[in-house]
Amino acid sequence: MNTSDLPNSDNLNIAALSALFVHTTNSYKYLFFWSLLDILARQNFHKSLSISFREIIIEMLANAWYPHNYFKLSFGSQDKIADKLDALELKVGEPILKFRDPDKKLLRTTIGDQDLEDIVNYISRYVPFRLLMPFVRQQLKGVDIDHGVDREMPRVAQRYFDICKPLYCFDSTVKPECRAIILHSDWVSYLQENYAIVRGWVCWEWLKYMQKCNPNVPAVANKLFPPQKR
């Protein structure tokens with residue numbers, strides 16, 4: 001699937017959406033956006049949805065659990081997702097192990113019962129802010145990418161929310177106070193209308209990334225997503 005296969009829109013920057021994973025060196029952006037889609041679908045694409053970093057990161061860990069737990073796939077040489085999962089020492093019961101938890105409800109609850117403060121702080125330090133770069137790149141011209149983007153992004157996303165229409169803005173314009181994202185209603189509508197296609201695109205991009213990280217592992221495609229039933 002090519003990025004050009006993403007459905008077009010008269011009022012949204014689909015080229016920015018298709019550039020979400022350009023120059024990506026770890027799993028976080030893939031897992032963040034994929035998890036965002038899963039949460040949106042579960043919430044029936046509610047237009048005024050605000051989603052906390054913590055909820056998204058629980059979903060990310062749940063989505064990463066299967067390929068890590070069953071196949072020990074690498075998520076990237078600098079990636080910490082596997083380490084974070086191992087540090088949780090999850091006590092996973094039979095419904096999850098027997099694939100009778102299709103919506104990941106039990107797995108999310110198990111993860112959510114843990115002390116996640118360190119993990120949430122670690123993953124939310126950069127990922128939610130860097131993911132928006134393709135939408136406001138011009139507005140951030142001159143800002144140091146390595147050190148200034150994350151600090152400036154909440155203010156820029158808020159200021160240009162109705163002009164550039166980034167995927168979301170934040171619950172604060174000051175980075176240390178950001179704890180949640182607020183999705184743009186136009187993007188919620190687009191993702192609802194084109195959910196199957198966008199999710200298929202994300203899964204394809206995720207597969208390509210994981211194949212690159214695991215070049216000697218056969219049939220990576222069969223090891224990324226749990227079977228619906230065993």
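Student: Which elements cover the buried residues of helix H10?

Tutor: The model is a predicted one. In it, the cover over the buried residues of H10 includes helix H1 (14-18), H2, strand E3 (180-183) and helix H11 (195-213).

Student: Which residues of H10 are buried, and what makes them line one face of the helix?

Tutor: In H10 (residues 185-193), the buried residues are Trp187, Val188, Tyr190 and Leu191. Viewed down the axis of H10, these buried residues fall within an arc of 165 degrees, so they line one face of the helix.

Student: Why is H2 called largely enclosed?

Tutor: A residue counts as buried when its relative accessible area is under 20%. In H2, 13 of the 15 residues are buried, so the rest of the structure largely encloses this helix.

Student: How do you know that the span of H2 is close to the expected one?

Tutor: Helix H2 covers residues 28-42, and the expected span at 1.5 Å a residue is 21 Å. From first C-alpha to last, H2 reaches 21 Å, close to that expectation. After H2 comes Asn44, with a positive phi near 55 degrees.

Student: What volume lies in the largest pocket, and which residues are closest to its centre?

Tutor: The largest pocket holds about 620 Å³ of space. Of its 20 lining residues, His23, Thr25, Asn26, Lys29 and Arg130 are the closest to the centre. H2, helix H7 (117-124) and helix H8 (127-130) each give two or more residues to the lining.

Student: What is the make-up of that lining?

Tutor: The lining of the largest pocket divides into 11 nonpolar, 4 polar and 5 charged residues.

Note on methods. Residues numbered from 1 in each chain as written. Predicted model: local features only at pLDDT ≥ 70, side-chain atom pairs only at ≥ 80, totals over all residues. Heavy atoms only, no water. Helix = DSSP H or I, 4+ residues; strand = E, 2+ residues; numbered from the N terminus. Expected span 1.5 Å × (residues − 1). Buried < 20%, exposed > 50% of the residue type's maximum accessible area, 1.4 Å probe, protein only. Arc of directions from axis to C-beta. Contact = heavy atoms within 4.5 Å. 1 Å grid on protein atoms, 1.4 Å probe; cavity = no way out; pocket = protein on both sides within 12 Å on 5 of 7 lines; lining within 4 Å. Points joined across faces, edges and corners; volume = space filled by probe spheres on them. Nonpolar A, V, L, I, M, F, W, Y, C, P; charged D, E, K, R; others polar.
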